[in-house]
Amino acid sequence: MPDSTSPEPPATARDAQVSYAIFQLARAHRGHAAAMLRAMNLHPGQELLLMQLFDQDGRTQAELLERVGLDHSTVSKSLRRMQESGLITREPAPHDRRAMVVSLTDAGRALRQPITDMWRALEEISVRDLTAEQAEMFTTAAYTIEKSLRDHGRQAPAE
């Protein structure tokens, strides 16, 4: 049930309470994260690419695309901006000149701790009014919904 601080959904969304709540949550969370990222001179999504490179530097652009689940043009634009900012380099792969290998620069590696701290702070803000059990239940429900949407997207369109 929405509380007094939650916006009343429009009439067309009244039978879609979960979907509308997800939309509102995603918008608020993304907005807060974007403000935190701006303080590091990053755009939303760039930290996700950097996080993948922190785990394994030297990934191909195609691997990054698959791991972050963003569309090709968004990833390409983000990587171009990150390269222009001196956070990464992109070079053709030795095994396939068509594939681009993305690697961190020293400036990119230096963002590991600030990004870790930012995500920790965002988490603390996000769950501050939840019990540990509520946070765990929310996480389980969120991944269940995400899987349902992903599985539905894989189904062949009805004829």
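A pocket here is an open set of grid points with protein on both sides within 12 Å along at least five of seven lines, and its lining residues have an atom within 4 Å of a point.

**View 1. The middle of the largest pocket.** We're looking at a predicted model, and its largest pocket has 44 lining residues. Sitting nearest the pocket centre are Leu-25, Ala-26, His-29, Phe-138 and Ala-142. The volume of this pocket comes out at about 2,300 Å³.

View 2. At least two lining residues each come from α1 (17-38), α2 (46-55), α4 (72-84), α6 (112-127) and α7 (132-154). Sorted by class, the lining splits into 26 nonpolar, 11 polar and 7 charged residues.

**View 3. A greasy spot on the outside.** Val-18, Ile-22, Ile-145 and Leu-149 make up a nonpolar surface patch, and together they have about 360 Å² of accessible area. Helices α1 and α7 are the elements that give two or more residues to this patch. Zoom in on Val-18, which belongs to helix α1: its relative accessibility is 54%, so Val-18 counts as exposed, the cut-off being over 50%.

**View 4. Stepping back to the whole chain.** Seen as a whole, the protein has 7 helices and 3 strands, and from the N terminus the order goes α-α-β-α-α-β-β-α-α-α. The C-alpha trace spans about 55 × 45 × 30 Å along its principal axes. As for burial, 25% of the 159 residues count as buried.

Terms used:
Residues numbered from 1 in each chain as written. Predicted model: local features only at pLDDT ≥ 70, side-chain atom pairs only at ≥ 80, totals over all residues. Heavy atoms only, no water. 1 Å grid on protein atoms, 1.4 Å probe; cavity = no way out; pocket = protein on both sides within 12 Å on 5 of 7 lines; lining within 4 Å. Points joined across faces, edges and corners; volume = space filled by probe spheres on them. Helix = DSSP H or I, 4+ residues; strand = E, 2+ residues; numbered from the N terminus. Nonpolar A, V, L, I, M, F, W, Y, C, P; charged D, E, K, R; others polar. Patch = residues over 30% accessible without salt bridge, like charges linked within 9 Å, V, L, I, M, F, W, Y side chains within 5 Å. Areas by Shrake-Rupley, 256 points an atom, 1.4 Å probe, with all protein chains shown as cover. Salt bridge = Lys/Arg side-chain N within 4 Å of Asp/Glu carboxyl O. Buried < 20%, exposed > 50% of the residue type's maximum accessible area, 1.4 Å probe, protein only.
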